[in-house]
Each structure stands twice: as structure tokens, then as C-alpha cells.
Amino acid sequence: MAMATFERELDFFHLDGLLTPDERAVRERVRAFCDESVIPIIADYWERAEFPFELVPGLAALGLAGGTIKGYGCPGLSHVAVGIGAMELSRGDGSVETFLGVTSGLAMQALAFCGSEEQKQRWLPPMARLELIGAFALTEPEVGSDASHIRSTARRVGDRYVLNGAKRWIGNASFADVVVVWANDEATGKVGGFLVEHGTPGFETEVIGGKIAKRPLKNAAITMTNVEIPEANRLPGARSFRDTAQILKATRYGVAWEAVGHALAAFELARAYALQREQFGRPIASFQLVQQKLVVMLGDLTAAQLMAWRLSRLLDEDLNQVTEGMASLAKQQCAARARNVVALGRELLGGNGILLEHHLARHFADMEAVYTYEGTNEINSLVVGREITGLQAFV
């Protein structure tokens, strides 16, 4: 795999200089993988709304699955390295990044945070090799932002649990080997985590079609009708929604980096296009209004990069010093800035900006999804607002 290059114009405030050699190595190998394997083929898969499973062995070889988890065959990377990897994968394609992120950043982290030793030994090593794929089922058809009030239930019957309910927008769920399902434990009245293995009777999935964003990613609606699982498939460390929230807080930084990756791709593509596209006898990059757009894009990109880096470094220093508000502010700001960057980039390309062959259209569409999930702009604002005022806002 060729060594990837990182142009000075894409790293205006020398973010690369803030990375350790291991973190730069992650950036280089993920960027090279995307340049060589993802970007040349992804537009066709995106248009057909099919996932490029042929990329999975290459993804596994990157050594990212499991992220910060130590042991169990996981790489034990820094939070910055995981974030940089997410940024570069998103620069390649958002669906490819989310496919990995759902297994590595949500399902595997749920096992690492809340699983028993036996569960970790069974699931984490093959998931780290991407031999087994995970999913994380929290969102429901009638419950999105109000995630602490999910309606799915788990009832203890002898040495088994019986799950009933529905989930929606669950990435990887239609083919995942194990799905972490969050449901209300009827015995405790609290939210618990349960591992549902592929092929379990009563666990039905339907891929959601008609998406305008993340088209290759297989999001599914799940229906659970008397789904029986052994007691050994309950996550013992998931005792209430507070434990679920801890997993989300610990992984939300990755979504901030994902947004940065889309912004990085948009700026890179728009700058290159402006330098080669000629109108009125000169490159359009020589016109003041085009340069103004590029400068605004660069400003938003750089601010998002540095915020995501600082949050990740704080997580590396001490996970407990990062509050929900800090994670929410980073996700909100990075997503909002990236959404502006991709919009300006699409605008700068004119009519070509809506063609998949120029790639920016993918990032423009995918940022609409990133802007919404892992907390909408409004929900993240309420989390931050509560933290800086000490008052719960009326909703």
C-alpha cells in the first residue's frame, strides 16, 4: 500500500504536528486504503444502495476494529488515533466508516463497558478481526431523541429472557452476527442490554430503502416478537440507561471526527476543482468570490479539526474528565461546521456538484445524516445548555 500524502493546504494549523507517530501511521494507512480501494469504486455502490462487502478484509487489515479497547485482540489505540481513522474513512465514504463504527465504536464498546468476562472472550476477538459483525439497537420507531424512554421490553422467564418491541435505523442489523439490544427489564424497571445472535427466532429485520444519505449502509427496522435469549446473553454491567449513556458519551467523539472527514473531503475536492476548472479564460480559483468560499470552508474545517482533536486528547488523559456537555458540544459544532463546508463545496462545483463522479454529492448528502444522529443539533444544545447553566430547559 502506497504512503499517503497530506498536503499543507489541508492541514492549515498543523494538526499533523499534534499527532504521535502511531497516530500519524493510522492516518497514513487509512488514507491510502481509501484512495486506493474505496474512492475508485464507491460511487457505483452508492448509486445502487449496496454495501461493498469486498472491502471488509481491507478494513480488517487496517487494525482499527476495537479502537481503544485493550486486550481481546483489540488494538488499544488512543482516542485520537481512533478519531483520525474515522476522519479518513469518512473522507473516503461515510457508509464505510459507519459500518466499521457500529461494530467497533458501539457494539464492541458496549461489550467492553458492560459485558462479562465470558462475553468479552467470546465476542471481542473475532469482532476485532471483523470475522463477526455487530450492531447496536437503541433507537425505536416512536422513540428517537427521547432515548431514555424506550418501549422495548425484556422479561425474565426461568433462565431466559424474552424480548418484545421494535427498533429502527439500526446499522448492520440485517446481517450482524450479534445485535446489542437495549430494552426495559421488567424486573428492575431499568434499561438493560441484551445480546441477540443472528438467526434467533422472532427477531426480524427489514432494510430501510429510499434513503438519500448513507445509501450503501444497511439500516434496518427490527421487530422482536417473543425473542428468547439465554440469561448468559444479558450484559451484566448494563444496569440502567446511565450505562447506555456512558457508552454514547464515550463514542460521540467519533461522530465529531466523522463530520470532520466529510468536511475534509469537501474542501479537498472543491480546492482541486477550483484550480483546474477554467471559466472566462482562467481557473475559477483566481476569482475573489471563489476564494472567499474556500476560506470559509477552511476556517470551519480547521475549527472542527482542532475541537475534535482536543476532545479526543482529553479522553486519552482521563475519560472521566470529559462531560456529556463536552461530547455534545463537539458533535454539535463539528457537524454544523461540516454541514456548511459540504454545502459550500457543492455550490462551488456548480452543476458538477450534484454528480457522483465528482464525489462531493455523496458527502453533501451524508452530512445530513451525520447532522441528525448521535443527538440532533437541538438535543445536543440542551445537554450543553443544562451543563453551563445548571438548569434543565423546558422541552
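Where is Ala49 found, and between which helices?

A: Ala49 is found in the loop between helix H1 (21–48) and helix H2 (56–61). Helices (H or I, at least four residues) and strands (E, at least two) are DSSP runs, numbered from the N terminus.

The model is predicted, so local features need pLDDT of at least 70 and side-chain atom pairs 80 or more, while totals for chains, interfaces and linings use all residues. Residues count from 1 along each chain as its sequence is written, and side-chain values use heavy atoms, without hydrogens or water.

Back to Ala49. Its phi is near 55°, a positive value in a residue other than glycine. Most residues other than glycine have a negative phi. Ala49 is partly exposed, at 24% relative accessible area (buried is under 20%, exposed over 50%, partly exposed in between; 1.4 Å probe, protein chains only).

Asn226 also has a positive phi, near 50°, and is not glycine. Asn226 sits in strand E9 (residues 219–230). Asn226 is partly exposed, with a relative accessible area of 46%.

Strand E6 (residues 178–185) runs antiparallel to E7, joined by eight bridges (strands pair if DSSP finds at least two bridges between them). Leu195 in E7 is the bridge partner of Val180. Four residues lie between the two strands, and Gly189 in this hairpin has a positive phi near 75°. Strand E7 (residues 190–197) has six of its eight residues buried, so the rest of the structure largely encloses it.

Burial also marks helix H3 (residues 79–92). Of its 14 residues, 13 are buried, so H3 is largely enclosed by the rest of the structure. At 1.5 Å a residue, H3 should span 20 Å, and its end C-alpha atoms are 20 Å apart, which agrees (the expected span is 1.5 Å times one less than the number of residues).

Helix H8 (residues 324–348) passes that check too. Its 25 residues should span 36 Å, and the end C-alpha atoms are 36 Å apart. Just after H8, Gly350 takes a positive phi of about 60°.

Finally, the wider stretches. Residues 135–227 are 54% strand and 0% helix, with end C-alpha atoms 17 Å apart. Residues 245–388 are 78% helix and 3% strand, and their end C-alpha atoms are 19 Å apart.
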